[in-house]
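Hi there,

Here is the structure I promised to pass on. Have a look at it first, and then read my notes below.

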Amino acid sequence: MTEAVRPDTTAAAITGGVAVPAHHDSASKHVTGTALYIDDIPEPAGCLHAYLGLSKVAHAHIHGMDFSRVRTAPGVVDVFNAWDIPGSNDISPTGRNDEPVLARGRVQFVGQPLFAVVAHTREEARRACQLAKIDYEAIPAVFDVADTGADPRLVTDPLTLARGDAQSAIEAAPRRLSGSMRCGGQDHFYLEGHIALAIPGEDGDVHVHSSTQHPSEVQHMVAHVLGVPSNAVTVDIRRMGGGFGGKETQANLFAAIAAVAARRSGKAVKIRPDRDDDMQATGKRHDFLIDYDVGFDEDGNILGADFTYKARCGFSADLSGPVTDRALFHCDNAYFWPAVRAESVPAYTNTVSNTAFRGFGGPQGMVAAERIIDEVAFACGLDPLDVRRRNFYGGPGRDVTPYHQTVEDNVIERIVDELEASSDYRARRAAIRAENAKGGVIRRGIALTPVKFGISFTATHFNQAGALVHVYGDGSVHLNHGGTEMGQGLYIKVAQVVAEAFQIDIDQVKITATTTGKVPNTSATAASSGSDLNGMAALAAAQTIKGRLVDFAAGEYGVPAEQIEFLPNRVRIGNQEIAFSKLVHQAYMARVQLSATGFYKTPKIHWDRTTGRGHPFYYFSYGASVAEVAVDTLTGEYMVERVDILHETGRSLNPAIDLGQIEGGFIQGMGWLTTEELWWDEHGQLRTHAPSTYKIPLVSDRPKVFNVKLADWSENREETIHRSKAVGEPPFMLAMSVLHALSDAVASVGGYQACPRLDAPATPERVLMAVEKLRRAD
C-alpha cells in the first residue's frame with residue numbers, strides 16, 4: 001500500500017525535475033524481482049496456454065497436416081491453422097499481404113509457424129506440437145544473400161540516393177580502390193521473450209497484454225486477424241524485459257495467436273515460446289553484403305564514393321524497406337562525400353523475415369563508411385583519425401548529405417577534439433606502435449571513430465504522439481502516453497517533464513501502463529524518438545491544465561495572470577503563496593476541468609522517396625569513441641582494454657539514464673561487431689538459437705577501463721523537449737571503434753602495410769584468419 005507523501009512547500013527546488021540524475025522508476029523493483037511482467041500477471045480462472053507448431057523445412061509446398069495425434073494428446077483443448085483464422089491471415093506491418101499468421105499452402109523458412117495448439121498447460125501444448133505430421137514437398141531455397149545472384153528477387157522496392165556524379169568523380173580521382181565487406185546480423189536476445197495474454201470480453205471484445213513496443217499496431221493487427229474493428233481490441237503493456245526493436249512488429253504474431261485462441265475457446269489464453277523457438281520464429285538485425293568503390297587523393301581526401309547495400313531480408317518485407325533506406329541515409333556517417341551514390345538491394349531469402357533492431361539499418365550503413373576511411377588511410381600511409389578529420393562535414397559547400405538535407409547542427413569536430421585530448425589518443429597510438437614493432441604474440445590496436453545519427457522516423461506520419469494527464473483533487477497526477485517502457489527509462493523521463501511543468505515532486509506523478517484504451521493511434525517506441533515525441537505530448541497536456549489553473553487563480557484572487565507563478569510544490573498568486581494541492585482543490589470545487597490530452601508532431605521533416613530528397617531528420621546526435629584492444633595472434637582471442645566515450649545528448653533530461661543508455665548501447669554494439677554470430681546450415685536451420693551457441697557479451701567482456709562522459713555543453717538547436725537529444729540508438733554505433741582497433745592490431749602483423757578488411761562480427765576465428773592471411777602475404 002502506497003502512503004500519501006506530503007510535498008515540501010518550502011523547498012527551493014522540486015525533487016525529480018528535468019536535468020536531474022534520477023534513478024529509473026522501476027530500478028528497485030528490477031533488482032528485487034518485484035517488477036511485474038506479463039508472465040507475472042495472475043492468470044484468470046481457466047486460463048489456457050497456446051504454443052506454435054513450426055516448420056522443419058525451409059521452402060516447401062504443404063500437401064497436408066495431420067493433427068490426429070495432437071488432438072488426443074494429454075490436456076489439448078484446440079488445434080487450429082491458417083484455414084481457421086476468422087479474419088485476415090496476414091500481419092504484414094506494411095500492408096503487403098506477404099506475412100501470414102500461419103503458413104497456408106507453402107512454407108518459406110525453418111521455424112515458420114504452421115499451426116497452434118491450445119492446452120491446459122504450456123508444457124502440454126508444447127509437447128503436443130511435436131506430434132503433428134506435415135506432408136512437405138521441398139522446393140529450391142536460398143539462404144545466403146551472397147547466393148541471391150546479380151538480379152535477386154526483392155521483398156520491397158529498392159532505393160538509390162545520389163548527389164553529384166559519383167562514377168565520374170571516382171574515375172577522375174588520383175587514386176581509386178574498391179572492395180566488399182560482410183556485416184552480420186544480430187539477435188535481440190531480450191531477457192523477457194515474446195509473450196501475450198488475451199482475455200475475451202463481451203460483444204466480441206478482447207483485452208490483450210502484449211510485450212510490444214507498438215501497442216497500436218498490435219491492436220490493429222489483432223483486429224484485422226479477428227475480423228473486428230480496432231475499438232473491439234484493447235492492448236496494454238506496463239513494461240518489457242527488453243525490446244531493442246525486436247518487439248516493434250514481431251509481437252503481432254503472438255498477440256494474434258492468443259486472441260484467436262481466446263475467441264475460439266472463450267477463455268483467457270497465454271502464449272510464451274521457448275528461447276529456441278523465439279529465436280527461430282522471429283526476425284533479427286539485417287546482415288548485409290556491402291560493395292564499395294571510392295576515389296581519393298594522396299592526402300586522404302575522398303572525392304567520390306559508391307555503395308551497394310545488399311541485405312538478407314528474409315521471406316517477407318516486414319520493415320526491410322525502411323531499414324535498408326536508413327542504411328543508405330547513414331552511408332556518410334559524419335563525412336561529406338563530394339559525389340556519392342548509394343543503392344539498396346533488399347533481397348528475398350528463405351530465412352526468417354528480418355526486422356527492426358537498435359539503429360534500424362544505420363549501423364550497417366556506417367560500418368561501410370568507416371571501412372573506406374580505413375582503406376584510404378592504409379593506402380595513403382596516414383593515421384585513420386587524420387583521414388576522418390579531413391573528410392568531416394563542414395561549412396557551406398561541405399554540409400549536404402546524400403539525401404540533400406543540410407547538416408545544420410554539426411558538432412563532430414568539437415566532440416573529436418575533446419575526446420582526442422582527454423583520451424590521450426596520439427601518445428597512446430605512438431606507444432602502441434612502438435610496442436608492436438618489437439614483435440611478440442600479443443598485439444595492441446587503437447582507433448577513434450565518430451558517430452552522426454539522424455533522429456526521426458523516416459516514415460513521416462509516425463512522428464506524432466499523444467498523452468493524457470489527470471490532476472486529482474488532492475494534487476496528485478496521473479500520467480499516460482503512447483510510449484512504452486522496455487528498460488530504457490522513457491517513463492521516468494516523461495514523468496520528470498510533467499513534474500517540472502507543474503513544479504511538483506516526482507513522487508506526486510503516477511506513471512501508468514501504456515494502453516490503447518487511453519491514448520489512441522500511437523507510434524512505435526522506436527527511432528530514438530520516445531522522449532522527443534511523448535515528452536512533448538505530455539508537456540502539452542500539462543500546459544493546458546496549467547493554463548486553466550492560472551485562469552482560475554487570476555479570477556478567484558483578482559490578480560493578473562502574469563503575477564501567478566508555479567514554484568516548488570506551491571503557487572505564488574500575487575503576494576501570497578498556496579500549496580499546489582490547495583489550488584487544485586479550489587479549482588475542482590469551482591468545476592475547472594483538471595484533465596487534458598496532449599498532442600505533438602515533429603516539425604520541419606519531409607521526405608520524398610521517389611526523388612531521394614528531403615529533410616527526413618529533425619536533428620542529428622553526435623558522439624565519438626576511442627577503443628584499445630589486445631589481440632593474441634596465436635589464437636585470435638582478444639580483450640578490450642580501454643574505451644573512452646564522449647557523447648552529446650543535448651540538455652539531458654536525466655544524465656543518469658543517459659549514461660546507462662550509452663554504456664549499454666556500446667556493449668550491445670560491441671557484441672554485434674565481435675561475438676554475436678548468426679549461422680544457418682545448408683538446410684536453412686538456424687544453429688545459433690540459444691545462449692549455448694549465440695554469444696552475447698559477458699560481464700567479463702566489458703572494457704577493463706570504461707570512461708563515459710556526456711558533453712555538458714551540448715544543447716539542441718531545435719525546439720525539442722527541454723532542448724534534449726535522443727540517446728537510445730546513437731551510442732550503439734560508438735562500438736565501431738572496437739572493430740577498427742582490432743583491425744589496427746591485426747594490421748601490425750603485416751607492418752601496417754595493408755588493411756586487414758575484417759568482416760563483422762570479428763570473432764576470434766575471423767581475427768585469426770586475418771592474421772594468418774597477413775603473415776602469408778608478408
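**A strand between two partners**

Strand E13 and strand E14 (residues 302–314) pair in the antiparallel sense over nine bridges; pairing requires that DSSP finds at least two bridges between the strands. Strands here are DSSP runs of E with at least two residues, helices are runs of H or I with at least four, and both are numbered from the N terminus.

Before going on, please note that this is a predicted model, where local features need pLDDT of at least 70, side-chain atom pairs count only at pLDDT 80 or more, and totals for chains, interfaces and linings use all residues. Residues are numbered from 1 along each chain as its sequence is written, and side-chain values use heavy atoms, leaving out hydrogens and water.

In the hairpin of E13 and E14, five residues lie between the strands, and Gly300 has a positive phi near 85 degrees. E13 also pairs with strand E8 (residues 175–183), again antiparallel over nine bridges. Leu289 in E13 stands opposite Arg182, and its bridge partner in E14 is Lys310. Eight of the nine residues of E13 (residues 288–296) are buried, so the strand is largely enclosed by the rest of the structure; buried means under 20% relative accessible area with a 1.4 Å probe, protein chains only.

**Two helices**

Phe666, Met670, Leu673 and Thr674 in helix H16 meet Met736, Ser737, Val738, Leu739 and Leu742 in helix H17, where contact means heavy atoms within 4.5 Å.

Enjoy exploring!

Note on methods. Buried < 20%, exposed > 50% of the residue type's maximum accessible area, 1.4 Å probe, protein only.
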